[in-house]
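I opened this entry to look up how the parts of one protein meet. The notes below follow the order in which I checked things.

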Amino acid sequence: MKITIIGTGYVGLVSGTCFAELGFDVTCVDKDENKIQKLKKSTLPFFEPNLSELLDKNVREGRLHFTSLLKNTAETSKIIIIAVGTPCDFETGRTSLKDIYSVLDSLAPYLRNNKLLVLKSTVPIGTLKKIEQYIYMLNKQAKFELASNPEFLREGNAIQDFMKLDRIVVGTESLKAKSLLRILYHNFLLEGIPYIETTPETAELIKYASNAFLGLKVSYINQMADLCEKSNGNIRELAQALGLDHRIGRGFLDPGPGFGGSCLPKDLLELSIYAKEVEKPLTLIDEVLKFNNLRPQKMLKIIQTAFEGNLKGKTIAILGLTFKANTDDLRDSPSLNIINKLYNLGATLQVYDPKGMESAQKILPGLYFAKNPYEAMKNADGLVILTEWEEFKDLDLERVKQFLKTPLVIDLRNIFSLDQMKSKEFTYYSLGHRPLNEKTKPKRQAAA
Ligand code: UGA
């Protein structure tokens with residue numbers, strides 16, 4: 001069966017490649033001709049582990065194609081999937097549907113013969129119904145089926161999340177759409193993956209409710225970490241114990257500098273505004289948003305405390321720019337927020353990230369971009385860890401000590417164990433635990 005996927009961002013490109021791997025004949029469409037030319041030469045527009053190899057394989061085997069021309073592929077495909085971006089409109093805080101409507105403008109003439117149009121982009125509640133009306137307005141003769149099919153993949157783990165998914169959610173009132181989607185997801189149905197067929201509105205709500213719950217869980221563990229710091233508690237052991245309760249689960253219980261990225265912050269905000277609009281405010285989610293927005297400021301306070309209130313003239317090594325590990329995505333990254341705050345307080349910053357350097361250099365002037373983590377630490381007064389890359393977890397702590405001027409580590413992702421840091425005699429600040437060896441720090445100058 002032929003499938004067209006419109007949009008070659010994370011969702012579009014990963015879904016397209018994975019559907020091709022499952023045996024479908026997939027054409028990925030993007031209006032950006034430059035991007036398409038690069039994809040034809042196997043150059044990906046972003047970093048995603050294992051995607052390049054899988055994409056190459058499916059192109060070689062003739063199941064995956066790229067084009068900027070919608071017409072041919074839309075006319076010959078039975079299923080057309082929209083996976084374009086729906087970013088935040090910063091003026092209103094709402095999700096922008098500009099790209100979706102622009103796709104529909106081009107697509108409407110080809111919606112004939114009961115083709116199935118599937119919406120994978122994350123869209124506000126009620127969008128599917130609005131889209132249906134919009135298409136009929138553009139093309140009165142249109143004959144198509146429509147379904148919402150939200151995606152739950154994470155950046156950095158996208159292939160695994162797509163191929164080994166927890167559930168499939170399909171929102172439609174059309175029987176034909178239901179049966180075509182059952183063909184599309186045939187392999188997963190055979191494997192017994194839970195398959196939820198529901199109304200379009202419920203499918204749209206499920207996507208938001210999932211991301212909101214993840215944001216809530218991260219904020220919950222972040223608040224627990226704050227409480228541990230005041231109570232002589234240990235967040236690592238607390239999270240482990242919580243996670244062992246199968247009703248709670250261990251996922252998303254790692255404290256950090258707050259959730260970022262292109263999805264959670266935007267989706268929680270959209271959900272919160274929508275809920276107020278329909279007069280059912282989600283006060284819990286409102287609190288999560290407030291708390292998460294203040295998280296970088298709280299991280300700054302920890303860093304300031306570690307430097308005894310004086311950041312001016314201090315040289316600080318920063319490891320981690322992206323919003324989490326295994327991605328080159330800087331969108332809404334708490335690291336950038338914290339870096340800007342440190343810079344404005346007069347610190348000299350030597351930064352390193354395994355994948356985020358190129359984009360960061362364009363938006364963060366005035367920093368030193370090091371070639372490797374150790375170079376970032378050279379003669380620094382302390383080290384701040386902002387992203388949980390494996391490369392950082394594997395650092396040789398003896399070398400870290402040699403490179404730093406002062407053995408001070410502020411680990412805002414808890415990548416090191418307390419025992420490890422104690423035995424190496426670092427002054428070690430982490431989340432959800434009192435600092436280690438605070439007293440062994442050399443005396444510092446008074447605040448300027
Ligand atoms: C998120 C969801 O996890 C996906 O299921 C969803 O499909 C996707 O949004 C989307 O809507 O497209 P993603 O944005 O890739 O995926 O990021 P997450 O892995 O969810 O992480 C979000 C943030 O929470 C990151 O800043 C991460 O560092 C933080 N986080 C996560 C923590 O601070 N602690 C944790 O324990 C887990």
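I looked up the salt bridge first: R331 pairs with E155, and their closest N and O atoms are 3.7 Å apart. I took a salt bridge to be a side-chain nitrogen of Lys or Arg within 4 Å of a carboxyl oxygen of Asp or Glu. The count between domain 1 and domain 3 is one salt bridge.

I noted the basis of the numbers. This is a predicted model, in which local features need pLDDT of at least 70 and side-chain atom pairs count only at pLDDT 80 or more, while totals for chains, interfaces and linings use all residues. Residues are numbered from 1 along each chain as its sequence is written, and side-chain values use heavy atoms, with hydrogens and water left out.

I then looked up the division into domains, whose bounds come from an automatic or database domain assignment. Domain 1 covers 2-197, domain 2 covers 208-292 and domain 3 covers 295-430.

I checked how domain 1 and domain 3 meet. Their C-alpha centres lie 38 Å apart. In contact (heavy atoms within 4.5 Å) are seven residues of domain 1 and nine of domain 3.

I looked up the buried area, meaning the accessible area (1.4 Å probe) that two parts lose on being put together, summed over both. Between domain 1 and domain 3 this is about 620 Å², and carbon and sulfur atoms give 47% of that. Y10, F47 and E155 supply 76% of the area that domain 1 buries against domain 3, more than any other three residues.

Last, I looked for disulfides, defined as a pair of cysteine sulfur atoms within 2.5 Å, and the count is zero. C18 is in no disulfide, and the nearest cysteine sulfur, that of C28, is 11 Å away. I recorded C18 as buried because its relative accessibility is 0%, the classes being buried under 20% relative accessible area, exposed over 50% and partly exposed in between (1.4 Å probe, protein chains only). C228 also counts as buried, at 7% relative accessibility.
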